[in-house]
Amino acid sequence: MEVAMLEKEISGYIGKLLRENFGRGPGNVFCTVSKPFVSIYITNFLSPMENTLLTNQQSVYVQKTRDLMMDTLEEEIKSYIELNTKDKIKEFYYDWNLDEKTGMLLFIFDKDQPYNFDSYDNKKLVEKETIELSMEIQKAPEETHSKLLNERTLIIVRQGILISLEKEFIQLGFQETLKIAKRNLEKKVITQHQSSYERYLNAKITDYFVDWNFDKDKSYTLFILKS
């Protein structure tokens, strides 16, 4: 199946699946397949019940409910993508911007070879900015890489970023609470660095998402760009 058709098929499937499980489907679903990544950007997605909770300042409950739902849907979505690509998926990340009613799903195929992080203008400056951002929150990553999937989607991966205190929280079973706290903090700091990122990328950042794999001590950040 050609890439454009594959992206259209996955977008339609995700829209239908979310509608069936949340009671309301998203406005649009934009899928990008750039191996080893499949990124899915979701817009105008908020159920009436979630809207009521947000109105009453209960965003944590919305995040927790969506976490539970994605835990349920993960294998179903992975199976569909694997069936249509004939490739195995080894990692899955997701995040929501509840204020903007948007979301991101990111799937990573299993590869024996190292990822090909193609060069782009000011790539080193973007990664340097990311290292500085990480140091403000926790510590410098052991590895930092980035890749433009297309003109609208930038992915940044950091490896080796957890500090000892965070690892202890994970050992004690507080992964969910830690992830919610890290998301809130990291997004505040990204906002402070946004103008620098936009200058290096020569594009406006219209949305951003972040998620972690604590077992692998890895994090993915995804920027949605507008020229």
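These notebook entries record what I looked up in the structure.

**Entry 1: the model and its conventions**

I note that this is a predicted model, in which local features need pLDDT of at least 70, side-chain atom pairs count only at pLDDT 80 or more, and totals for chains, interfaces and linings use all residues. Residues are numbered from 1 along each chain as its sequence is written, and side-chain values use heavy atoms, with hydrogens and water left out.

I take helices (H or I, at least four residues) and strands (E, at least two) as DSSP runs, numbered from the N terminus.

**Entry 2: helices α1 and α3**

I looked up how helix α1 (residues 3-22) lies against α3, and found that their axes come within 11 Å and cross at roughly 150°. An axis here is a line fitted to C-alpha atoms, for helices over the stretch in contact, and angles run from 0 to 180 degrees between N-to-C directions. The two helices are therefore roughly antiparallel to each other. I noted the classes: angles under 35 degrees count as roughly parallel, over 145 as roughly antiparallel, 65 to 115 as roughly perpendicular and the rest as oblique.

The crossing of α1 and α3 is right-handed. A crossing has this hand if the near helix is turned clockwise from the far one by less than a right angle, and is left-handed if anticlockwise.

Which residues meet in α1 and α3? On the α1 side I listed L6, E9, I10, Y13, I14, L17, N21 and F22, and on the α3 side R66, M69, L73, E76, I77, Y80, I81, N84 and T85. Contact means heavy atoms within 4.5 Å. By class, these residues are 11 nonpolar, three polar and three charged. For the classes, Ala, Val, Leu, Ile, Met, Phe, Trp, Tyr, Cys and Pro count as nonpolar, Asp, Glu, Lys and Arg as charged, and the others, Gly among them, as polar.

**Entry 3: helix α6 and its neighbours**

I then turned to helix α6 (residues 175-201), whose axis comes within 12 Å of that of helix α3 (residues 59-85), with a crossing of roughly 120°. α3 and α6 are therefore oblique to each other, and their crossing is right-handed. The contact joins V60, Q63, K64 and D67 of α3 to E176, I180, R183 and N184 of α6. I recorded two nonpolar, two polar and four charged residues in this contact.

Helix α5 (residues 164-171) also approaches α6: the axes come within 8 Å and cross at roughly 140°. That makes α5 oblique to α6. Here E166, F169 and I170 of α5 meet Q175, L178 and K182 of α6. The contact of α5 with α6 divides into three nonpolar, one polar and two charged residues.

**Entry 4: pockets**

I looked up the open spaces next. On a 1 Å grid over the protein atoms alone, a pocket is an open set of points with protein on both sides within 12 Å along at least five of seven lines, whereas a cavity is a set where a 1.4 Å probe fits but cannot get out; lining residues have an atom within 4 Å of a point. Grid points are joined across faces, edges and corners, and a volume is the space filled by probe spheres set on the points.

The largest pocket holds about 540 Å³. It has 18 lining residues, with D71, Y94, K179, D211 and W212 nearest its centre. I found that α3, β3 (89-97), α6 and β7 (204-213) each supply at least two residues of this lining. The lining has seven nonpolar, two polar and nine charged residues.

The second largest pocket has a volume of about 440 Å³. Among its 15 lining residues, Q63, L98, D99, N184 and K187 are closest to its centre. Which element gives the most to this lining? I found that α6 does, with five residues. By class, the lining holds four nonpolar, five polar and six charged residues.

**Entry 5: the cavity**

How many cavities of 30 Å³ or more does the structure hold? I found one. The largest cavity has a volume of about 40 Å³, and its lining consists of T130, L133, R158, E186, I190, Y197, T221 and F223. Helix α6 again gives the most, here three residues.

**Entry 6: residue K204**

Lastly, I located K204 in strand β7. Leaving aside residues up to four places away in sequence, K204 touches E198, I224, L225 and K226. The C-alpha atoms of K204 and Q159, which are 45 residues apart along the chain, are separated by 26 Å.
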